[in-house]
Amino acid sequence: MRLEQELDGKDLASIGRELYRFAADLYPICRSITGNGIRQTLAMVTQRIPLQTFEVPSGTSVFDWTVPKEWNIRDAYIRIPGGKRVVDFQQSNLHVLNYSTPVHATIPLAELKSHLFSLPDHPDWIPYRTSYYQPNWGFCLSHHQLQALEDRDYEVCIDSTLEDGHLTYGECYLPGRSSDEVLISCHACHPSLANDNLSGLAVATFLAHLLSDRELRYSYRFLFIPGTIGAITWLSRNRESAERIRHGLVLTGIGDKGGFHYKKSRRGDTDIDRAAAHVLKHCGEASEVLDFSPYGYDERQYCSPGFNLAVGCLMRSVWGSFPEYHTSADNLDFIQPMQLARSLRVCAGIADVLENNQRYRNLSPYCEPQLGKRNLYRSTGGESIGTEISARLWVLNFSDGENSLLDIAEHSGLPFTTISNAAESLCQGGLLSAIADSGPSEAAPDSSSHREGSASCRTAQAAAKLVGPEN
Ligand SMILES: [Zn+2]
C-alpha cells in the first residue's frame, strides 16, 4: 500500500475542494459535547465511511468524570422588549455560551453584562465560550455589538434544554491482518469553527475512506468524539481495545495556512513520533516537532499515566497561538482547500510508514552484490537514477536484521517511500528478504533505539502561550 504515491497521482486540488466542501457542509451545525448537533455531524460522516455511533447515558461514571446531561438548543436572542433582536443565535451559533441553561427574562443592561462575553482586541469577532460543567447562561457577541447596547432593559431568551440524555460518539473500525491498532482521533464538539474541529474531522473522514476496502497490515480505529469527555468516556469503556493501540494520532487544526506542528507522544520516541517527524521533514512544507505537554487536545487522555499510549497530535498552527483561535474568525475563510489536501497527504504518508516499516535481511552479505547483472543498476523511472541506486545501497548495507526501513530512511536522509520502494526492488531481485517476526503483532513494535534528531523541538505549552487547554 502506497497511499501517498496514490494521492500524488491524483488531482490534489480537486481532493482539497472536496474536503473543503465537506467542512463547509458541516459548518452551520451547532455542535456541543452532547446533543443533536454531534448526532447530525456523525450522520453526515456516516454517508462517507462506515461509522458506528454509540450513546452513553448521562450520569455514567467514566474514570473520575461523569457523563453530563445532554444539551440541545433551538433558539436564543437578546432583544429590545417587543422590538428587534440585537443578538441572534440564528445569525451565528457562537452567540450563545455553549451549554447555556435555559433562560427567559427581561433584565437591565447592568445585570445582563455579567452574562456577556466579547473580545475588545478584536471588536468584530465573536468569541467561542463554553460552560459544560458549571451551570450558567450567557451570550457571546462582538465588542462593537456590546458597545452599541443602550442602558435599558433587554429581553433575553435561551431556548435550550439540559436534561438526562446521552453522550454520542462515532467509531469507524477498519480491520487489518493484525488486531494491533492504529488510532485516529478527532473532536467533533465545536459549533461553527472551521479549523479547530472541522479540518480534523474532514481529513479523518477522507483518510478512513482512503484506507477502507484495502488490504491493511494494522487495524484502524477512527474516533469522532467530543473533546476531553469523549476521549475519557471511550477509554473508560474500551480498556481492552486501548491495549491494542500501537500507534495513534489526534488530528486537529490542519486546514489553516500555517506550517505543520507535530506534538510527540508522552513517551516521545515511539514509531508514530518518528514516522510523523520523518514524513513532515520530507513533505515540502515548514514543520516543527514539539515535545509532549499535558496541554492541548485528547492526546492528554491517551497519554495519561496508566494508558501512556503512543499517540501524538498533528496540527498546523498550534491552538491558542493564533488570534482567530476560538473565535468567529476561525471560519471557512480561515481554512483552505489545498492545506486540507496537503494535510491528508501527510496523514497518508504516515500511514504508509506504519504499514510498510519492517526489518529485512540482506541475502548477499560479504561485499556489495553486483546490481547490474540483476538489472538493479538502472532506474525504474520513478526517481533519479542516483537516488534509486543510493537507496538500494543503503537498504542492502543496513538490512542486517537490526534496522527497520524507517531506521534506514533516517540514516540515509532519503524519504521513507524511496527506501521502501528500494526494498521492494531488492526483494524482487532476490537480494533481500523480509524478517517475518518484525510485523505489528510483536508485543512492542516501538523501537526506542533511534531518535529523530534533526527537527527542532520546543514545547507545545510555550507555543500556545499558556492559554487554557481544550475542555
Ligand atoms: Zn477548541
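This is a predicted model: local features need pLDDT of at least 70, side-chain atom pairs count only at pLDDT 80 or more; totals for chains, interfaces and linings use all residues.
The protein chain contains 15 helices and 20 strands, and its C-alpha trace spans about 90 × 40 × 40 Å along the principal axes. For 471 residues, a compact globule would have a radius of gyration near 23 Å, and the 25 Å found for the protein chain agrees with this. Of the 471 residues, 59% count as buried. When contacts in the protein chain with a separation of 6 or more are considered, 81% of them are accounted for by residues 24 or more positions apart.

The largest nonpolar core comprises 83 residues, of which Phe222, Phe224 and Leu314 touch the most other members. Helix α6 (residues 194-211) supplies the largest share of this core, namely 11 residues. The surroundings of Leu314 can be given in detail: leaving aside its neighbours within four places in sequence, Leu314 is in contact with Leu249, Val250, Leu251, Thr252, Ile254, Phe260, His261, Tyr262, Leu280, Val346 and Cys347. Another core, of 62 residues, lies apart from the largest one and has Leu167, Ala242, Cys303 and Cys313 among its members.

Two helix pairs were examined for their packing. In general, two packed helices are described by the angle between their axes and the distance between the axes. The axes of helix α2 (residues 12-26) and helix α11 (residues 337-356) come within 7 Å and cross at roughly 105°, so that α2 and α11 are roughly perpendicular to each other. On the side of α2, this contact is made by Leu12, Ala13, Ile15, Gly16, Arg17, Leu19 and Tyr20, while α11 contributes Pro337, Met338, Leu340, Ala341, Arg342, Leu344 and Arg345. By class, the residues in the contact of α2 with α11 are 10 nonpolar, one polar and three charged.

In the second pair, the axes of helix α12 (residues 385-398) and helix α14 (residues 416-428) come within 8 Å and cross at roughly 75°, and α12 is therefore roughly perpendicular to α14. The contact involves Thr387, Ala391, Arg392, Trp394, Val395 and Leu396 of α12, together with Thr418, Ile419, Ala422, Ala423, Ser425 and Leu426 of α14. Eight nonpolar, three polar and one charged residue make up the contact of α12 with α14. Ser412, which is found in helix α13 (residues 405-412), touches Trp394 and Ile419 when residues up to four places away in sequence are not counted; Trp394 of α12 and Ile419 of α14 also take part in the contact between those two helices. Because its relative accessibility is 17%, which falls under the 20% limit, Ser412 counts as buried.

Backbone geometry was also considered at two positions. Most residues other than glycine have a negative phi. Asn197, however, has a phi near 140°, a positive value in a residue other than glycine.

Technical notes
Residues are numbered from 1 along each chain as its sequence is written. Side-chain values use heavy atoms; hydrogens and water are left out. Axes are lines fitted to C-alpha atoms, for helices over the stretch in contact, and angles run from 0 to 180 degrees between N-to-C directions. Helices (H or I, at least four residues) and strands (E, at least two) are DSSP runs, numbered from the N terminus. Angles under 35 degrees count as roughly parallel, over 145 as roughly antiparallel, 65 to 115 as roughly perpendicular and the rest as oblique. Contact means heavy atoms within 4.5 Å. Ala, Val, Leu, Ile, Met, Phe, Trp, Tyr, Cys and Pro count as nonpolar, Asp, Glu, Lys and Arg as charged, and the others, Gly among them, as polar. A nonpolar core is a set of buried Ala, Val, Leu, Ile, Met, Phe, Trp, Tyr and Cys residues joined through side-chain atoms within 4.5 Å. Buried means under 20% relative accessible area, exposed over 50%, partly exposed in between (1.4 Å probe, protein chains only). The radius of gyration is taken over C-alpha atoms; the globule rule is 2.2 Å times the number of residues to the power 0.38.
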